[in-house]
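Here are my notes on this one, written as numbered points. Keep the picture open while you read and check each point against it.

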Amino acid sequence: MKKTMLFVTLALGLGVVTSCNKKSDKVPAAVKQTFETAYPGTEVKWGEEDGYYEAEFKSNNQEMSAVYNAAGVLQETELEMKVTELPDTITKYVAANKMGDIKEAAKITKADGTVMYEAEINGKDVMFTETGALIPQTEKAEKADKEDKEDKD
């Protein structure tokens, strides 16, 4: 019985490793090359959604992600940050509007240099401009938030 359980556990583990490798195999060479040029030798986990490829990795001991189109052109980067590092205008807005507690925060930089901030409040990602103005969420963004939450569960 112990041998059977060990075999099943190993087989399932190998299946998980194999499925992770398949995700990486689906990433276009141009995307991988652009990432490797920007972050040489970095261990990366790839994801794909709506024709874009997301690299999740650590840089300088900080969680990051970079999103590329199929041609390997960088669309945006996201850098996780401490909630206390958010601009005061954002934390004051959240408090004044009694939105709830901010659980996580990130700085998003678009390819054109535009900076936005993301704050997780009540299980949803709420976006703000660099100056701290709330960015209204679209129905598509709300659906993506719901899917992200389901993926984490």
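1. In what order do the strands of the open sheet come? Bear in mind that this is a predicted model. The sheet is built from 8 strands, in the order β1-β2-β3-β4-β5-β6-β7-β8, and the pairing is antiparallel.

2. Now look at the two ends of that row. β1 (44-49) and β8 (134-135) are the edge strands, and each has a single partner strand, so one side of each has no neighbour in the sheet.

3. Start at the β1 end. β1 pairs with β2 in the antiparallel sense, with 6 bridges between them.

4. Next step along: β2 (residues 52-59) runs antiparallel to β3, and 7 bridges join the two. S59 has Q62 of β3 as its bridge partner. The two strands form a hairpin with 2 residues between them, and N60 in the turn has a positive phi of about 50°.

5. V67 finds its bridge partner, E76, in β4. This hairpin has 5 residues between the strands, and G72 takes a positive phi near 90°. β3 (residues 62-68) is also mostly covered, with 5 of its 7 residues buried.

6. Which residues make up the largest nonpolar core? There are 12 of them: M81, L86, I90, V94, I102, A105, V115, Y117, A119, I121, V126 and F128. The elements giving two or more residues to this core are α3 (88-96), β5 (102-110), β6 (115-121) and β7 (124-129). β6 has the largest share, with 4 residues. Another core, of 11 residues, lies apart from this one and includes V31, Y39, W46 and Y53. As background, nonpolar side chains tend to be buried together in soluble globular proteins.

7. Last, zoom in on α3. This helix lies across β5, β6, β7 and β8, and runs at about 125° to β7.

Methods: Residues are numbered from 1 along each chain as its sequence is written. This is a predicted model: local features need pLDDT of at least 70, side-chain atom pairs count only at pLDDT 80 or more; totals for chains, interfaces and linings use all residues. Side-chain values use heavy atoms; hydrogens and water are left out. A nonpolar core is a set of buried Ala, Val, Leu, Ile, Met, Phe, Trp, Tyr and Cys residues joined through side-chain atoms within 4.5 Å. Buried means under 20% relative accessible area, exposed over 50%, partly exposed in between (1.4 Å probe, protein chains only). Two strands pair if DSSP finds at least two bridges between them. Contact means heavy atoms within 4.5 Å. Axes are lines fitted to C-alpha atoms, for helices over the stretch in contact, and angles run from 0 to 180 degrees between N-to-C directions.
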